[in-house]
Amino acid sequence: TDSCKDSQNTCKWGEKSTADLMSRYVSKEMGYEVPKEGWRICLAHEFKEKRKPFQAKDVSLSNVLEHVGLGIRYLKWWYKKTQVEKKAPFIDMFRAQPLRQIYGAPLGGIGGGTITRGWRGEFCRWQLNPGMYHYKTVTANQFTVCLRRGGQTVYQQVLSVERPPTLQGWNWGYCGEYAFYHALYPRAWTVYHLPGQNVTLTCRQVSPVIPHDYQDSSLPVAVFVWDIENKNDYALDVSIMFTMVNGSGHKDDKSGGHWNEPFHLEKEGEAVSGVLLHHCTTVNPYTLCIAAREQPDREVSHQTAFSPKGTCSSLWSDLITDGRLDSPTGQCLKTKVGAALAVGCSVPAQSRNTLEFCLAWDMPKITFGSREREHIRRYTRYFGTKGDASPSLSHYFHLFIIEDFVRVLAFSAYDCSPQHSLPSWYKSALFNELYFVADGGTVWTELSEDADVSGGVRSENGGLPAQPAVVKEYGRFAYLEGQEYRMYNTYDVHFYASFALIMLWPKLALSVQYDIAGSVVQQDPTERLHLMSGRYSPVKSKNVVPHDIGDPDDEPWQRVNAYLIHDTADWKDLNLKFVLQVYRDVHLTQDNQYLRDMWPVCQAVMESELKFDLDGDGLIENSGYADQTYDGWTVTGPSAYCGGLWLASLCVMCKMARLVESEESYQRYRDLLDRGSAAFDKLLWNGKYYNYDSSGRDLSNSVMSDQCAGHWFLRASGLGDGEYQKIQTALKSIFDLNVMSFAGGQMGAVNGMRPEGVPDRSSVQSDEVWIGVVYGLAATMIHEGMWEEGMRSAEGCYRTVWERLGMAFQTPEAYCEKGIYRSLAYMRPLSVWAMQLALNTSQKSQTPSSTNRLAMYGVSQAVSKS
Ligand SMILES: CC(C)CCC[C@@H](C)[C@H]1CC[C@H]2[C@@H]3CC=C4C[C@@H](O[C@@H]5O[C@H](CO)[C@@H](O)[C@H](O)[C@H]5O)CC[C@]4(C)[C@H]3CC[C@]12C
């Protein structure tokens, strides 16, 4: 049982579990080998609460007045972008995605594109062109079951609860009360009890997202393993048919040049066959492939093409007649065309059998929106760039004993000999939030021969290597700030999310750091209007960390800082977040080359940062606007958030100075740290917590949930484990006020709380809850021994998002107590992995000094195939 609950299913802390997602399930069947942990929902479930995206009308009068200039400038910019340039804005405030409470685990590995299936089985969210999302359910993409007894079809059903107006020749409307979905990413199960048939189907969907594996994790494939349980006293012949239509439901699908062909591939004694759907688009052509493994006593048959229009009765009759499809040879040319694959087997009485399908797609070469450069996806290293890889991809993937690898991922969370057993909701959060590593518009490419990561300052001139070994070997990685906030590697947010990468794919985390470091030394002097201030300033200044590495609809890496709300050269957190990540990564990976390469960049950004200490007291000041990740929440003078990040950065600079044996640097940062710490305590500590800022405004003593972010990073880096009375007192105040005095303690921590216990409504972001921030706060609490408080805070967010608001696999950046959310499918919640690091660290304080610490943290690298 869930360790947080007592026998009445009530949480120890008095919270009634909100998990009623299975209340409509009427069957007793629980499927084949479906794990206990994960996110489970009956297909008949309806979420009662329907939230709306944050819009201008949700802004209070005082905030409207504050943002009128931005509103007008944004409107002008938006008009030019959409109506003149005919491009999609990097944030479309007028067309926020409405909430669709439908999403489930995405298909595909990392960086090769993703296709998301809904929890009711629909194929509904498409990201084949890198970073660009298309939200459309393609009705004809389905699995259909056919049961035959004694040579007669007795049951044929589309495994979908939908009753669409098209494809009327198919038998729709499967009864959702007899099925449930269970996700533990990168796996998901759907259990269908077939009413009146005494048959239960369990479909297990697996994508190759495997820690420390840099080969199989890059593959654009997924398998569907169907387990068929026949509880009758007679044998049945069972076929499953997989139908896929070309395209993604986009209007461009109808453009000409698509063609389908059947294939059969046999090697190493194993065979697969299926249908290839070739998409001959002018931009980013690709082939989609549905395949099945040929095994003894399984019959594979296909239909090369069917028209997904009208009733589509002929395909239905083809299957119902004999449980197999016609299997014509030859190709088929059509603009809008579907393909079908059926696999059949016999299932003896009181017995079970399995069938396997694979979906693969091969888009080896990509261009981004500007079409200036061609990029090669990572998986081509193993499968070539010719665009003919899908048969081999499906062949490889069928043979790949993926379960063993995926289990390791599950294992990593449990294998930490916990003092406290981990609650069930936490395991679901930990694995299911990981979806964003693949489904964050993620792109993973090879570093081209002529690329220069160093930003033009080569190592021989005291800069970075042009082609750092880790980037050359492991490729370039980028993921979006959010599916709706279309900027790659937004760095102030990646700070939180980076825990997932550094713990599970550390080479990718380092690769991102090299790209950012290269951009630090670059500049783009082009003047442009920044929408918040209304002032013109350069796109990118030298020696500062960029906000992001670009928009996939433009030319990322080449043109950074797609974000033009603020000029982020003056942001106070970006440079510090770079330094803190460098040290944390060095601590976890013990990579000395990385330390040596990053050290000069750290010094350069710290030099830039020092300019923000205007009064020379050793502590930086904020500039009276929203100059950090809370980009709608003004800060003036020394502040808890940026001041804390600054002191933590000075601390790690001292550590790194010692590692690179630079006594002079050490003394310099040590002096700043001593003076800055004294100023920090004097100006901000009020006996219970650090004040939001030191502006002396009415609201400067608000309690910020994220005030200990700097200390969090010290702890994650193996530092700061002395007596930190003030931090513990502050965390206690945050728990009492931001968590327990907000929404009955059930929704995590509000960003800003007044000491008297009402949310700070002075800005558009202070009364929001940022899920990723709460997971980071929970990690800090765990590091400080406040396990129950940390778990309670994080649980509120998980249950709100996954169980109450129906936002599975699209965790947003933010929600308010009532009514609204902001920015669906967002990067920051990946910080849940920081909780895992904290749990492991606090249990394994005996740290080896010179080995790679990731293995020790329960993330075994022994499983790596690379
Ligand atoms: C006259 C009108 C009626 C007034 C309308 C006001 C609105 C246009 C603005 C009021 C609040 C603004 C939003 C505040 C925050 C935003 C987030 C930002 O991007 C990313 O946000 C992350 C924080 O969530 C941050 O950490 C990342 O670094 C950023 O990349 C984008 C702008 C905005 C949505 C902002 C837009 C304008 C308002 C809605």
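**Entry 1: aromatic pairs**

I began with F143, which is buried, and F357, which is buried as well; buried here means under 20% relative accessible area, exposed means over 50%, and partly exposed lies in between, with a 1.4 Å probe and protein chains only. I noted that this is a predicted model, in which local features need pLDDT of at least 70 and side-chain atom pairs count only at pLDDT 80 or more, while totals for chains, interfaces and linings use all residues. Residues are numbered from 1 along each chain as its sequence is written, and side-chain values use heavy atoms, with hydrogens and water left out.

I then searched the whole structure for aromatic pairs and found 54, counting rings of Phe, Tyr and Trp (its six-membered ring) whose centres lie within 6.5 Å, with planes under 30 degrees apart taken as stacked, over 60 as edge-to-face and the rest as tilted. One of these joins W39 and W119, which I logged as edge-to-face because the ring centres are 6.5 Å apart and the planes stand at 80 degrees. This pair links distant parts of the chain, since W39 sits in strand β1 (residues 39–42) and W119 in the loop between β4 (114–118) and β5 (123–127), 80 residues apart. Strands are DSSP runs of E with at least two residues, helices are runs of H or I with at least four, and both are numbered from the N terminus. Both W39 and W119 are buried.

Returning to F143 and F357, I found their ring centres 5.8 Å apart and their planes at 65 degrees, so this pair is edge-to-face. F143 belongs to strand β7 (residues 142–149) and F357 to strand β20 (residues 351–362), so the contact ties together parts that are 214 residues apart in sequence.

**Entry 2: salt bridges**

My search of the whole structure gave 40 salt bridges, each being a side-chain nitrogen of Lys or Arg within 4 Å of a carboxyl oxygen of Asp or Glu. R24 and E177 meet in one of them, at 2.8 Å from N to O. Because R24 lies in the segment before β1 and E177 in the loop between β8 (152–158) and β9 (179–184), the pair ties together parts 153 residues apart in sequence. R24 counts as partly exposed, at 38% relative accessibility.

I next looked up K87 and D553, which form a salt bridge whose closest N and O atoms are 3.6 Å apart. K87 is in the loop between α1 and β3 (103–107) and D553 in the loop between β26 (535–540) and α11 (574–589), so parts 466 residues apart in sequence are tied together. K87 is partly exposed at 28% relative accessibility, whereas D553 is buried at 13%.

The side chains of E768 and R822 also meet in a salt bridge, at 2.8 Å from N to O. I noted that E768 is buried, with a relative accessible area of 2%, and that R822 is buried too, with 9%. I also recorded a network of salt bridges that links K36, E37 and K427.

**Entry 3: a nonpolar surface patch**

Last, I noted that L61, V64, L65, V68 and I72 form a nonpolar patch on the surface, with about 470 Å² of accessible area together; patch residues have over 30% relative accessible area and no salt bridge, with like charges joined within 9 Å and nonpolar side chains (Val, Leu, Ile, Met, Phe, Trp, Tyr) within 5 Å. Accessible areas come from the Shrake-Rupley method with a 1.4 Å probe, and for residues only the protein chains shown count as cover. L65 lies in helix α1 (residues 61–84) and is exposed, with a relative accessible area of 60%.
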